[in-house]
Amino acid sequence: PDLSLADEVFDFHALLSPEEKEWAMKARDFAQTQIRPVIEDDFDKKYFRKELIPLIAQQGFLGMHIKGYGCAGASAVSYGLVCLEMEAVDSGWRTFVSVQGSLAMSAISKYGTEEQKNYWLPQMAKGEKLGCFGLTEPHGGSDPANMKTTAVLEGDTWVLNGAKRWIGLATVADLCIVWAMTDEGVRGFIVPTDTPGFVATAIDGKLAMRASIQCDIELTDVRLPADAILPGAQGLSGPFGCLNEARYGIIWGAMGAARACLDAAISRSKEREVFGKAIGSFQITQAKLADMTLEYEKGVLLALHIGRQKDAGTLNLAQISVGKLNSVREALKIAREARTILGGDGITGEFPVMRHMANLEAVRTYEGTDEIHQLVIGRALTGLNAFS
Ligand code: TGC
Ligand code: FAD
């Protein structure tokens, strides 16, 4: 596929290594040829195209940052570029890669036993087993410390009770990483979704993320063997360690959605004639396109800076919050501005812009809302904790 119109001007790819470019181009080619032609219809019909999963797995995108266990062991920057290209077609497909790789596989890779890793990760990398990640609860996702789902050890059996909400992929997943409160704080469990007492129901009525699945989960006396626990995770730093991975992917991904909106606006501005000339020839339109391009280019440069820090092992939590907050906020602004340039046609599915805008509203809320990230940054700046 052609380079994006915005990328051509700035040549961001000049900053990438040959291997990083290769991942980006592979992902762009896949997303543009396999997903783009069907995504508008899938979004309209609320269809999660599960049949694409083996093809995505073949590309090596699932758990691609993990070393060993059948995973690609690619750099953080390469993974980010794949997230950008997937989200350039639809946030729902970047979310699929995030939930499977950054959340479910990361939990097992970071905190699992060798036996758990050897059993689950190679199958998950091949897309033969799908994972989901159950942290959020119905009473308020921003504060997972107030967790009401419990896990109690009865003899050598763990018994889980509680509820989770908004859990991506749960109705199609084979396993769920469930975070639950125990006598010794929050612990993680690998729960096969066919365990009696585990019930997932897809959330209907979504006006965003319609080509992907999110679910309610009820856990009623779900009985698990002692070895279902993830031994390496104790306390909230366990799930938060996985969120860091997914938030990192979003820093890049949201810029993909922004790029798609910007490209649509640039193309249209050259074709659409009003007052006898192309709307792209009006100074106000050019100023809008220039400002959108500035934020897109600043966003990808920030993502690259954060990616280089992640690869160097120097990335800190406030930096992840800076990236997630900025990328999603600016991508939404770019989408809104692109919509104005498309005029009335911009509210139809003829262009991808309203779909991206709706999806980005969900991305803005998940993996820490704007306010949560502002407060994480504020805490780092002042040393004062707004949460307690
Ligand atoms: P706090 O007291 O700050 O910390 C408790 C313990 O956790 C450690 N910690 C972290 N560790 C690793 N990474 C992080 N980002 C961490 N943040 C905190 C901390 O050091 C402490 O460890 P220890 O050993 O001393 O106990 O916790 P708090 O209760 O005050 O919470 C702070 C706050 C508000 C930032 C946190 O609750 C938060 O991030 N809330 C937002 C929840 C959230 O983002 N949920 C996302 C659910 S998953 C999802 O949305 C998937 S969307 C699909 C997709 O990704 O595509
Ligand atoms: P609430 O926590 O109720 O927050 C409501 C509002 O109050 C927000 O604006 C928030 O910023 C504000 N607020 C809360 N506390 C403060 C404060 N201290 N100061 C200022 N403002 C505050 N979760 C999972 O575990 N797994 C998944 O796979 C998953 N996938 C998701 C996919 C989608 C499409 C969506 C929409 C959500 C997903 N989530 C998932 C859940 C997501 O993480 C939560 O929606 C998010 O953490 C916010 O929780 P909430 O929706 O309950 O909002």
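Me: What makes up the shell around ligand 2 by class?

Reply: Ten of its residues are nonpolar, nine are polar and one is charged. Here Ala, Val, Leu, Ile, Met, Phe, Trp, Tyr, Cys and Pro count as nonpolar, Asp, Glu, Lys and Arg as charged, and the others, Gly among them, as polar. This is a predicted model: local features need pLDDT of at least 70, side-chain atom pairs count only at pLDDT 80 or more, and totals for chains, interfaces and linings use all residues. Residues are numbered from 1 along each chain as its sequence is written, while chains are lettered from A and ligands numbered from 1 in the order in which they are written.

Me: Which residues come nearest to ligand 2?

Reply: Of the 20 residues around ligand 2, they are Thr-136, Gly-141, Ser-142, Thr-369 and Glu-371. A residue is near a molecule or strand if its C-beta atom, placed from the backbone, lies within 6 Å of it. Strand 5 (157-168) gives at least two residues of this shell. Helices (H or I, at least four residues) and strands (E, at least two) are DSSP runs, numbered from the N terminus.

Me: And which residues come nearest to ligand 1?

Reply: Ser-98, Ala-145, Phe-240, Ala-246 and Tyr-366, of the 28 residues around it. Helix 7 supplies the largest share of the shell, six residues. By class, the shell around ligand 1 divides into 14 nonpolar, twelve polar and two charged.

Me: Why does Tyr-69 count as buried?

Reply: A residue is buried if 20 or more other C-beta atoms lie within 10 Å of its own, exposed if 12 or fewer, and partly exposed in between, with C-beta atoms placed from the backbone. Tyr-69 has 21 C-beta neighbours inside 10 Å, so it counts as buried. Its phi is near 55 degrees, a positive value in a residue other than glycine. Tyr-69 sits in the loop between strand 1 (67-68) and strand 2 (71-72).

Me: Why does Met-209 count as buried?

Reply: Met-209 has 25 C-beta neighbours inside 10 Å, so it counts as buried. Its phi is also near 55 degrees. Its place is the loop between strand 8 (198-202) and strand 9 (214-225).

Me: What makes strand 6 (residues 175-182) mostly covered?

Reply: Six of its eight residues are buried.

Me: How do you know that strand 6 and strand 7 (residues 185-192) pair?

Reply: Two strands pair if DSSP finds at least two bridges between them. Strand 6 and strand 7 have eight bridges, in the antiparallel sense. Val-178 has Phe-189 as its bridge partner in strand 7. The two strands form a hairpin with two residues between them. Strand 3 and strand 6 have four bridges, in the parallel sense.

Me: Which residues have the most contacts inside the largest nonpolar core?

Reply: Phe-189, Cys-261, Ala-335 and Ala-338, in a core of 120 residues. Such a core is a set of buried Ala, Val, Leu, Ile, Met, Phe, Trp, Tyr and Cys residues joined through C-beta atoms within 7 Å. Helix 7 (residues 237-271) gives the largest share of this core, 17 residues.
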